[in-house]
Amino acid sequence: MAGPTVPRDDLDLPVRLGPGPVRRVVSLVPSLTESLAATDPALLAGATDWCTHPAGLDVPRIGGTKNPDVPRILALAPDLVLANDEENRRPDLDALRAAGVPVWVTDIRTVDDAFRSLDRLLTLACGLPRPQWLDEARAAWRGVDGRWNEKGTDGPRAIVPIWRRPWMVLGRDTFAGDVLRRLGVGLVHADHAERYPAVPLPELLAGAPDLVVLPDEPYRFTAEDGPEAFPGVPAALVSGRHLTWYGPSLAEAPAVLGAALGTALGTAVEHPFVRGGNTPP
């Protein structure tokens with residue numbers, strides 16, 4: 001008789017869960033922490049110092065995404081650890097696996113990836129029913145198809161810095177880049193060989209962007225720190241959580257980001273996804 005099927009994570013790695021249901025989960029990714037807390041908060045046994053949502057989250061902290069305290073995680077006796085291929089270091093995940101802890105790794109590069117990955121993580125890995133918030137998030141993005149306006153004309157080309165000193169920007173194949181593409185905004189560096197290239201400021205300005213999009217994480221750009229480097233270029237200060245997180249924030253992201261982009265360009269009335277501050281039908 002064949003044994004039970006071993007589930008595989010987004011990297012197609014087998015995740016050998018214990019014989020009983022998952023009861024204790026440590027999350028190494030803020031997005032996944034919020035996703036699990038919005039679905040079944042009783043499962044969450046630990047999270048990183050950067051896990052800020054939901055507000056008032058009261059669980060043991062295990063360090064950062066890049067420097068988790070592995071002995072601390074092991075002491076929490078998790079049935080499962082949630083991680084992301086981009087945010088977490090493979091040596092840390094290998095150390096957890098070597099200690100016998102199952103690790104589920106997500107790999108999310110697009111909005112559609114997020115919906116598929118979160119569904120599998122919550123239902124297959126954690127053994128939970130599909131949450132309503134995930135259906136609501138999917139519905140919020142239905143019809144958000146990359147048009148900037150109802151005439152279907154090309155949208156603005158943007159530079160999206162994620163760090164300063166040195167300047168680093170969104171390049172190819174990123175989740176945040178796909179979020180903006182779906183909202184009708186192209187990236188100046190969409191075809192760059194690197195996903196997060198370091199580009200000197202004079203070269204950024206030479207790219208003649210129509211817009212600079214400045215998130216408040218991982219670097220905290222503000223009205224006083226960022227726009228002045230791009231004189232004459234409209235600047236959209238946006239929520240990093242809505243631009244880069246995949247989870248419950250996806251339900252709000254089209255309206256929140258669309259409004260910020262439209263306001264920066266003075267075209268909110270023309271953008272089909274932000275009229276009245278509503279998400280598309």
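Before I point at anything: when I say buried, I mean under 20% relative accessible area, with exposed over 50% and partly exposed in between, using a 1.4 Å probe and protein chains only. Helices here are DSSP runs of H or I with at least four residues, strands are runs of E with at least two, and both are numbered from the N terminus. Keep in mind this is a predicted model, where local features need pLDDT of at least 70 and side-chain atom pairs count only at pLDDT 80 or more, while totals for chains, interfaces and linings use all residues. Residues are numbered from 1 along each chain as its sequence is written, and side-chain values use heavy atoms, with hydrogens and water left out.

So, helix 5, residues 132-141. Which of its residues are buried? Trp133, Leu134, Ala137, Ala140 and Trp141. Look down the helix 5 axis and those buried residues fall within an arc of 120°, so they line one face of the helix; the arc is taken from the directions from the axis to the C-beta atoms.

After helix 5 comes Gly143, with a positive phi near 90°.

Now two of those partners, helix 1 and helix 4. Their axes, lines fitted to C-alpha atoms over the stretch in contact, with angles running from 0 to 180 degrees between N-to-C directions, come within 11 Å and cross at roughly 50°. On the helix 1 side we have Leu32, Ser35, Leu36 and Thr39, meeting Leu118, Leu121 and Leu122 of helix 4.

Next, helix 6. Seven of its eight residues are buried, so helix 6 is largely enclosed by the rest of the structure. Among the buried ones are Asp178 and Arg182. They pack, as a set, against helix 4, helix 5, strand 8 (186-187), helix 8 (240-244) and helix 9. Helix 6 is followed by Gly184, again with positive phi, near 90°.

Last stop: Ser27, in strand 1 (residues 25-27). Buried or exposed? Ser27 is at 0% relative accessibility, so buried. Not counting residues up to four places away in sequence, Ser27 touches several residues, including Leu44, Thr48 and Leu82.

Key:
Contact means heavy atoms within 4.5 Å.
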